[in-house]
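Hi,

Here is the structure I promised to pass on. Have a look at it first, and my notes follow below.

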Amino acid sequence: MHAGTTAPAALFGCRDIALDLGGRQILHGIGLQVRRGEVLGIIGPNGAGKTSLLEVLSGRIRPKHGRVEFEGRDVTALPLYERARLGIGRTFQTPVVPDELTVGETFKAARQACKPYLTRFDAEYGAEVVGFKFAADVPTAKLDALDRRKLLLACLLMRRPKILLMDEPAAGLINSEVDEIDQHIRLLSKDMNIAVIIVEHRIELLEAIADRVMVMDAGATISEGSLAHVLADAKVHAAYFENVVEGALT
Ligand SMILES: Nc1ncnc2c1ncn2[C@@H]1O[C@H](COP(=O)(O)OP(=O)(O)OP(=O)(O)O)[C@@H](O)[C@H]1O
């Protein structure tokens, strides 16, 4: 960076997030920030609170304490659908598409979930970005796991999100399919300048796409930095009990 220039402002982030679920404290003072086009990976052992954090960031759950900020604005009190309208998109670990619909009906439902309704051109745009090529009359029940993920991503992209919160986008996919997801995330972040927060267990995927990685354990952040930095961190090894197997932290 040249002298006198400042780092680009964060697009999205949270401060001091605390969350209780079922009478138990699940998140303890979590803070993070992402800039446009940046990919932040979140890893941590099972039950660390990664999905719960995405629920708070997307607006599905209100935290007990703390703030979620988007473009400098406090959005903590906004529900999921209002955050989606602002440009905060969320994908889920399991790609649930309505099996009784066709591809065309799914796109139509997604278009009509927006106000004002999005157009066919918006749907075509979303499909084009992720290379989703099925005809409108194909039943979604016929799609495999990768194409379901692509369909849901296309439905999100038609809203032109500025940030995507992705929960294990490679879950249930084989290696060649993971490579395709990797390419899509690169395109979305580096070419389209969309910020991405991705919860992911597969180290090889994070190695390919993450600019920074944050490690959670027992509801707190225990390490942060480059992937190499966090993998060398003794606190991270202790959290996983040295349980690093074949490129996947479990
Ligand atoms: N609705 C709920 N009520 C009570 N406890 C919950 C609820 N949802 C999650 N938890 C608990 O919160 C903790 C964090 O769960 P969470 O799913 O966020 O972790 P995670 O890091 O995403 O785990 P995984 O890698 O297994 O998906 C766990 O101990 C879980 O049992």
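Predicted model: local features only at pLDDT ≥ 70, side-chain atom pairs only at ≥ 80, totals over all residues.

Six strands make an open sheet in the order β6-β7-β8-β3-β9-β10, and the pairing is mixed. β6 and β10 are at its edges with a single partner strand each, so one side of each has no neighbour in the sheet. Ignoring direction, neighbouring strands here are turned by 15° against each other on average.

Numbering starts from 1 along each chain as its sequence is written. Helices (H or I, at least four residues) and strands (E, at least two) are DSSP runs, numbered from the N terminus, and two strands pair if DSSP finds at least two bridges between them.

β6 and β7 (residues 163-167) run parallel and are joined by four bridges, with T91 opposite M166 in β7. β3 (residues 39-43) and β9 (residues 212-217) are also a parallel pair, again over four bridges; G41 has V213 in β9 as its bridge partner. β9 and β10 (residues 220-225) run antiparallel, joined by five bridges, and M214 is partnered by E224 in β10. The hairpin of β9 and β10 has two residues between the strands, and A218 takes a positive phi near 50° there. Helix α6 (residues 175-191) lies across β3, β7 and β8 (195-199), at about 145° to β8. Angles run from 0 to 180 degrees between N-to-C directions, and axes are lines fitted to C-alpha atoms, for helices over the stretch in contact. Contact here means that the C-beta atoms of two residues, placed from the backbone, lie within 7 Å.

There is another open sheet, with four strands in the order β2-β1-β4-β5 and antiparallel pairing. β2 (24-34) and β5 (73-74) stand at the edges with a single partner strand each, so one side of each is without a neighbour in the sheet. β1 (residues 12-21) pairs with β2 in the antiparallel sense over seven bridges, and L21 sits opposite R24 in β2. Helix α1 packs on this sheet, touching β1, β2 and β4 (65-70), with its direction at about 120° to that of β1.

Which residues are around the ligand? They are L21, G22, I26, G44, N46, G47, A48, G49, K50, T51 and S52, where near means a C-beta atom, placed from the backbone, within 6 Å. Helix α1 (residues 50-58) gives the largest share of this shell, three residues. By type, the shell has three nonpolar, seven polar and one charged.

Cheers

Definitions and conventions
Nonpolar A, V, L, I, M, F, W, Y, C, P; charged D, E, K, R; others polar.
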